[in-house]
Amino acid sequence: MYQVKVDPHTHTIYSGHAFSTVGENAAEAAAQGLAGIGMTDHFGIMTPRRPDGRLDFGPLLNFEGLPPFIRGVRVLQGVEIDIMDFDGRLAFWDEKAPFGRSDLSVGEMLLQSREIVIASLHFFPGCKDGTEAQNTGMYIGAIENPYVDIIGHPCRPGVKFDCREVARAARDNGKFLEINEHTFDTPQAAPRCRKLAEICAEENCPVVVSSDAHSAWMVGRFDQAFRMLDEIGFPQRLIANETLEKMAGLRGKKW
Ligand SMILES: [Zn+2]
Ligand SMILES: [Zn+2]
C-alpha cells in the first residue's frame, strides 16, 4: 500500500459547486491521518463578477484570516486556476489587478500569494478541437509558468496529448503531474491515466495523487488511483506527496 500524507487538491463551498467548509475538510483529513491538504478552490471561468464588472475574489485574497494548521493539519493556501489557451496561459493573466497594484495582472497577483498552485483545463473556447500537438503545447506552456506546481487531471476525457513530452517537461521543470482519483470515475480517462503513470515511471517524473474532493467525505480517498499504481508497479519514490516535507522539498518550498 502506498503512503500519501498530503491531499494537495480539495475544494470548499467557495468553489460554488462543492459541499464542505475548509474546517470540515481539515477535520476529515485529520481523521484520515493526513499531515496536510491543499485548499485549492477554482479560479477562472467559474469565478463570478460583481455588478460593477470586477472579479469577486471571495475569500481568495483574505487567507490571513486562516491559521496555517487546522486540527493539526497543515492547510496550504492554494488555488486551482484555469488554463485558458493552447499556449498554456492562465486565467486573467492579462487583466489588470485591482487595488492600485497595476504592475501585476489579476492572475499573477493571485498566484504570487499562493502556497500551492494547480493549473487545470476545464474549458476555453475551441479547447475541444485541440490537436494532440496543441494540447501538448498547452500543458508544457502551463508547466513552464513559474508559479505552477501541479498540472491538474491532465487525462481528462477528450484531451489527447503526448504523455512522454509532457512528463519530460514536468520533470525538467520540477513540476508534478496529477493522478486524480476522479479520473477513474470516467471509463475513457482511466486507461489514459494509467498510460501516463507508466510513462512517468519510465521518465522519472514525480506525480501527486489527489482526491480533488468536492466534499469532506472524499478528502484523502485515493483507492482507485492506488489500485492502478499498484497494478503497474509504480514506485513510491516518485509520489511527491508521500510526506509534506518531501513535496515541499521537491518544489523548493517551506511549508
Ligand atoms: Zn470543481
Ligand atoms: Zn479540482
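Start by selecting Val 6, which stands opposite Gly 36 in S2. Helices and strands here are DSSP runs numbered from the N terminus (H or I, at least four residues, for helices; E, at least two, for strands). Val 6 brings you to strand S1, residues 6–10, which pairs with S2 in the parallel sense over three bridges; two strands pair if DSSP finds at least two bridges between them. To get from S1 to S2, the chain passes through helix H1 (residues 22–31), a right-handed β-α-β crossover: with the strands pointing away from you, the path from the first strand over the helix to the second runs clockwise.

A word on what you have open: this is a predicted model, where local features need pLDDT of at least 70, side-chain atom pairs count only at pLDDT 80 or more, and totals for chains, interfaces and linings use all residues. Residues are numbered from 1 along each chain as its sequence is written, while chains are lettered from A and ligands numbered from 1 in the order in which they are written.

Next, select S2, residues 36–39: Gly 36 and Gly 38 on one side, and Ile 37 and Met 39 on the other, are all buried (20 or more other C-beta atoms within 10 Å of a residue's own, with C-beta atoms placed from the backbone; exposed is 12 or fewer, partly exposed in between).

Finally, zoom out: the protein chain has seven helices and nine strands, and its C-alpha trace spans about 50 × 45 × 35 Å along the principal axes.
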